Amino acid sequence: LRVLAGPGTGKTTTLVEAMAARLTGANAISAEQVLGLTFGRRAALDWRDRVTAKIGGGQVPTISTFHSFCYALVRQFQSAEDYLSPFRLLSGPEQEARSRQLFSNSISDGNLKWPQELMPAVGTRGLAEEVRAVMSRTRSHMMEPSDLVKLGKKSENETWQAIGKFMDEYLDVLDSERSEEHMSEL
């Protein structure tokens, strides 16, 4: 069940009722078969509390944010050697600072061809936020950096091509840094 609606329209009530109906009665399914995902932590906690109260406790289904659920999946399926150094997600400000630094360095080193008309924005916080947002949307659409480059070529959008190339470098650098951290802990 997917519920899309504005604030105060009864989304949580609808989800609580639907989930409780699936967890109780003659055709009840187990809590392990039910998953609730939402955007905000507060909404997830409220939803979980209300379902628990509605069904009278017992087994409670997994209800969390998209991000928390995906992080748990990554952790669950990490290889044993990856447990030596825990997987850590960068916060938004950390991503922004790191991407802004790498982006500026990549352009100044000549590794990245950036559209000339956008050069005055290089190094600004606003551009860093926009580049990070495009990279985030690319990943949320299950696309790779090369997909963004192809899309940019197809639509003759130099900026998307450049961001796709930068995204590839950015992910390589983060992977490399993570590997270095892992090796230093051994």
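Of the 186 residues in the protein, 25% are buried, where buried means under 20% relative accessible area, exposed over 50%, and partly exposed in between, with a 1.4 Å probe and protein chains only. This is a predicted model, in which local features need pLDDT of at least 70 and side-chain atom pairs count only at pLDDT 80 or more, while totals for chains, interfaces and linings use all residues. Residues are numbered from 1 along each chain as its sequence is written, and side-chain values use heavy atoms, with hydrogens and water left out.

**Overall make-up**

- The protein has seven helices and two strands, which follow one another from the N terminus as α-β-α-β-α-α-α-α-α; helices (H or I, at least four residues) and strands (E, at least two) are DSSP runs, numbered from the N terminus.
- Among the contacts with a separation of 6 or more, 59% are between residues 24 or more positions apart, a contact being heavy atoms within 4.5 Å.
- The accessible surface comes to about 12400 Å², and carbon and sulfur atoms hold 53% of that area, as computed by the Shrake-Rupley method with a 1.4 Å probe.

**Nonpolar cores**

- The largest nonpolar core has 15 residues, and those with the most contacts inside it are Phe103, Leu112, Trp114, Val131, Met135, Ile163 and Phe166; such a core is a set of buried Ala, Val, Leu, Ile, Met, Phe, Trp, Tyr and Cys residues joined through side-chain atoms within 4.5 Å.
- At least two residues of this core come from each of helix 4 (92-108), helix 5 (125-140) and helix 7 (158-185), with helix 7 giving the most, namely five residues.
- When neighbours within four places in sequence are left aside, Phe166 is in contact with Ser99, Leu102, Phe103, Leu112, Val131 and Met135.
- Apart from this core lies another, of ten residues, including Met19, Leu23, Ala44 and Trp47.

**Helix 4 against helix 5**

- The axes of helix 4 and helix 5 come within 9 Å and cross at roughly 105 degrees, the axes being lines fitted to C-alpha atoms over the stretch in contact and the angles running from 0 to 180 degrees between N-to-C directions.
- The two helices, helix 4 and helix 5, are therefore roughly perpendicular to each other.
- Helix 4 contributes Gly92, Gln95, Glu96, Ser99, Arg100 and Phe103 to the contact, and helix 5 contributes Arg125, Leu127, Ala128, Glu129, Val131, Arg132 and Met135.

**Thr138**

- Thr138 lies in helix 5 and is buried, with a relative accessible area of 5%.
- Beyond its neighbours within four places in sequence, Thr138 is in contact with Met143, Glu144, Leu148 and Met167.

Definitions and conventions:
Parallel < 35°, antiparallel > 145°, perpendicular 65-115°, else oblique.
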